[in-house]
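Biologist: I would like to learn how to read the features of a structure like this one. Please take them one at a time.

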Amino acid sequence: MSNLLVLPIAIPLATMAVLVLFWKSLRVQKTLGVIGTFVMLAAAITLLITVRRDGILVLNVGSWPAPFGITLVADLLSCIMVLLASVMAVAVSIYSLTGIDDARVDFGFYPLLHLLLMGVCGAFLTGDIFNLYVWFEVMLIASFVLLSLGGEQGQLEGAIKYVTLNLISSAVFLAAIGVLYAATGTLNMADLAVKLRNFHDADIVNVLAMLFLIAFGTKAAVFPLFFWLPASYHTPPVAVSAIFAGLLTKVGVYALIRVFTLLFVSDTEFTHSLLLIIAGLTMVTGVLGAMAQNEIRRILSFHIVSQIGYMLMGLAVFTPLALAGSVFYIIHHIVVKTNLFLIGGIVEQRFGTGKLKEIGGLLLSAPLLAALFFVSAMSLAGIPPLSGFFAKLTLITAALQAEQYAIVVTALAVSLLTLFSMTKIWSEAFWKAAPLNGSTDQPKPQALTRKANSLLFAPAMVLVTITVGIGIMAGPVMDLSIAAAEQLLNPDLYIHAVLGEKRS
Amino acid sequence: MDILLAITVGGLYATGIYMMLRRSVVKLLIGLGLLSHAANLLIFTAGGVVRGRPPVVPKGELHPLKIVADPLPQALILTAIVISFAVLAFALVLIYRTYQTVDTDDLHELKATDR
């Protein structure tokens, strides 16, 4: 049964290989690209059900025993992340049927998308720190090409910043792996957890923790390492921004959660207090940046930064409830953020621009779009009964229980500011009257056929349904998050699953 | 030998970061290359330097007789070199394309995305 574990990696790989065979046929690429994501979704659901029933799944690739060979591990957090990645893949691949121009599809948009998904799922499922680096690189190389595909000036400039910062963080990550190997003599994460538990020199462990914090923090866009994100995320086509916004920074957050619950737990006094400070600053700087912007996708990009702070907050408080809050927040955030980008994309399709000054009157001309945006924006700001409310409520309750009052105040204030900047998009794009003499130098929006329009709207509607569904079904989702958090806070489960009963 | 390698690693990091702080995109790329080499050499040094001892078990023995070089850091470096080679090749194409589009190699003029 544990061969199931390979599927979320193998399916995108197979899809990509088949897609490359049909390089010249756009129609086949589009059809197979979408079908591939559905197959992946089915595999992810099966995986989650299996892990929920049987506990942590482990696969030693090539039957090499655990600390020596390559290990794939799926605990609940990994499965949840893989499932979310597949749902976003389905949504974005359907959106891109009409949201991505044919020239980009012709240059391999769908194969690259699946390569990206393979990297993302690999990073979630690996149990070996060097393989984490390799999957990160697979994902990054795909994302580099997706970001610059099309070669517009803004895209290229954004890509230079994005590529540079990600290469630096990869170099730091690699150096950290080298030092970690020199200190412990192993790269298997479960084995590392055992060896670091009673490591003789606490200072070296802290230095390693900081190196990993810098490496993953840059990828997750935490304060003060986030500036590449707002510079690049609004430049590519919307479908690309949406999948980036939903998944890429979350891989960094996943890696942070993994190493700071499994490996670096000996000196939480130091590491997790630092994480808490970073979380607070990330929230504040992100939301202040968002308030200063005047373009839909730029506002949303800064919001990603701000919300990474909430996910870190749960990790930093480090109680079962707080970690459950983090997991819940990630579930909520990936769905809502991808959706907001998709909705922003529909607005851009309609007006040919995302600048708030040049658009308006959408409430009357597109009431459905307005409703979709309203629900997602309120969910992001944390208004009950939507998913964001429960995520924030859990985090804040946990922080209150842990008596971390400063972060509670910050989180609440940042929520208010989030609401403010969402209102800004709402009042400018939807509420105010459309500008009379629509600027003539802007590219005119193309009229869309009914079929194309419904393909753009369908993913957004499904994702809004999921957001509302998470709000209504908060109980079961919370149970799942708590179960994931308990697994994370009990590293022995992970170690036993990987190394067997004899060790640890 | 370790000391010498450590100094080299430090020097590579310093040079790499210095190059990346220049305004030219080409120097940025050279800096990135140096940085990834520094990381590779760091792994090599951290893995322990052993002279002339291949990690091979002699015929008829169950384990190596003397201290041998650890092959794993070298495997890691090999993987990392391949990856950084690919990424640097991509970055080179990217900056060339940017140069064609923007007509400058000055990082301070790449501001279209910040406005």
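Modeller: The largest nonpolar core of this predicted model has 223 residues. A nonpolar core is a set of buried Ala, Val, Leu, Ile, Met, Phe, Trp, Tyr and Cys residues joined through side-chain atoms within 4.5 Å. Buried means under 20% relative accessible area, exposed over 50%, and partly exposed in between (1.4 Å probe, protein chains only).

Biologist: Which residues have the most contacts inside the largest nonpolar core?

Modeller: They are Ile129(A), Phe173(A), Phe244(A) and Phe264(A). Contact means heavy atoms within 4.5 Å. Leaving aside residues up to four places away in sequence, Phe264(A) touches several residues, including Leu196(A), Phe212(A) and His272(A).

Biologist: How should I take the numbering and the limits of the model?

Modeller: Residues are numbered from 1 along each chain as its sequence is written, and chains are lettered from A and ligands numbered from 1 in the order in which they are written. The model is predicted, so local features need pLDDT of at least 70, side-chain atom pairs count only at pLDDT 80 or more, and totals for chains, interfaces and linings use all residues, while side-chain values use heavy atoms, with hydrogens and water left out.

Biologist: How many residues of chain A and chain B are in contact?

Modeller: 34 residues of chain A meet 35 residues of chain B. Buried area is the accessible area (1.4 Å probe) that two parts lose on being put together, summed over both. Here that area is about 2,800 Å², and carbon and sulfur atoms give 79% of it. Glu157(A), Ile160(A) and Tyr181(A) supply 21% of the area that chain A buries against chain B, more than any other three residues.

Biologist: Where are the two partners Glu348(A) and Arg297(A) in the chain?

Modeller: Helices (H or I, at least four residues) and strands (E, at least two) are DSSP runs, numbered from the N terminus. Glu348(A) is in helix H14 (residues 320-351) of chain A and Arg297(A) in helix H13 (residues 296-317) of chain A, 51 residues apart. Their side chains form a salt bridge at 3.0 Å, N to O. Glu348(A) is buried at 14% relative accessible area, and Arg297(A) is buried at 7%.

Methods
Salt bridge = Lys/Arg side-chain N within 4 Å of Asp/Glu carboxyl O.
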